[in-house]
Amino acid sequence: MLNIIICGAPGCGKGTQSDLIVEKYSLNHLSTGDLLRKEIEEKSELGLIADNYISKGNFVPDEMIIDILMKKIDSQSSNINGIILDGFPRTVSQAEALEDLLEKRNKKTTILVDLQVDEQELINRLLKRGETSGRSDDNLETIKKRLEIYQEKTKPVNNFYKKLGKYAAIDGMGSVNEIFERISAVIDSKLES
Ligand code: AP5
Ligand code: MG
């Protein structure tokens, strides 16, 4: 079973690459950002709370997102090839909760793939996406806030997985296909081992 975490700063290509990984390796895609945006669209109670955090570039509280993710993982069918987690975990306490949850279910994380992209390129990609995305967080002020919070809260997650020997840094600059080939090489090496 492949349980892959795709991580990296806002705009690094997590969603774009997840779509390709899902297709090639038949994994289930779990994006906490997408789940939250669906709640916002449906104007659910959860969505209303989440919107307040997301539009300002802040994270939603750990307990809230851990609860959403646990329910989602437990609702998956048991005969899947694995999952790709996109946008989770993004704090060390989320990583601890995830590893605890998987262990209790006799599962484990295969690898964390960290997509590394220059800051100016991230800003350019997100501003361009903002021209059509309608996302409340795709504007310069909120993008800068998201990048700051990434450095402060999400970067330490890399060290957490480095210590577990489950970390792969990937150059996230270049064309979508070039980056996908780099990621595929890492996943293939895990399938062989
Ligand atoms: P989330 O939706 O996860 O947003 P994010 O991390 O800011 O990342 P993005 O979705 O903006 O970018 P991406 O890396 O997916 O890149 P994409 O493929 O789209 O989270 C949103 C918010 O929800 C958070 O800020 C937080 O508030 C909340 N949240 C979510 N999870 C949470 C959690 N676990 N805990 C607490 N809060 C949570 O690519 C970006 C653009 O670039 C696209 O337009 C794409 O077409 C383009 N592009 C992609 N690859 C390339 C390339 N190689 N060359 C040129 N352009 C490219
Ligand atoms: Mg995304």
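Guide: Gladly! Let us begin with S77, which counts as partly exposed because its relative accessibility is 40%, and partly exposed means in between buried (under 20% relative accessible area) and exposed (over 50%), found with a 1.4 Å probe and protein chains only. S77 is found in the loop between α4 (62-74) and β3. Helices (H or I, at least four residues) and strands (E, at least two) are DSSP runs, numbered from the N terminus. This is a predicted model, in which local features need pLDDT of at least 70 and side-chain atom pairs count only at pLDDT 80 or more, while totals for chains, interfaces and linings use all residues. Residues are numbered from 1 along each chain as its sequence is written, chains are lettered from A and ligands numbered from 1 in the order in which they are written, and side-chain values use heavy atoms, with hydrogens and water left out.

Visitor: What makes the pair S77 and N79 a polar contact?

Guide: A polar contact is a pair of N or O atoms within 3.5 Å; within protein, one must be able to donate a hydrogen and the other to accept it, and residues adjacent in sequence count only if both atoms are side-chain atoms. The side chains of S77 and N79 make such a contact at 2.4 Å. S77 also has its C-alpha atom 9.9 Å from that of N28, although 49 residues separate them along the chain.

Visitor: What is the phi of K43?

Guide: Phi of K43 is near 55°, a positive value in a residue other than glycine. Most residues other than glycine have a negative phi, and most peptide bonds are trans. N106 also has a phi near 55°. N106 is found in the loop between α5 and β4 (111-116), and with 75% relative accessibility N106 counts as exposed.

Visitor: Which peptide bond is cis, and how do you know?

Guide: The bond that joins F88 and P89 is a cis peptide bond, with omega about 0°. P89 has its place in the loop between β3 (82-86) and α5 (92-104). K153 lies in helix α7 (residues 140-163) and is partly exposed because its relative accessible area is 37%.

Visitor: What surrounds ligand 1?

Guide: There are 30 residues around ligand 1, and the closest are T16, N58, R90, R129 and R146. A residue is near a molecule if one of its heavy atoms lies within 4 Å of it. The shell divides into eleven nonpolar, eleven polar and eight charged residues, where Ala, Val, Leu, Ile, Met, Phe, Trp, Tyr, Cys and Pro count as nonpolar, Asp, Glu, Lys and Arg as charged, and the others, Gly among them, as polar.

Visitor: Which element gives the most to the shell around ligand 1?

Guide: That is α2, with four residues.

Visitor: Which atoms of G87 and T32 lie by a nitrogen atom of ligand 1?

Guide: For T32 it is a polar side-chain atom, 2.7 Å away, and for G87 a backbone N or O atom, 2.9 Å away.
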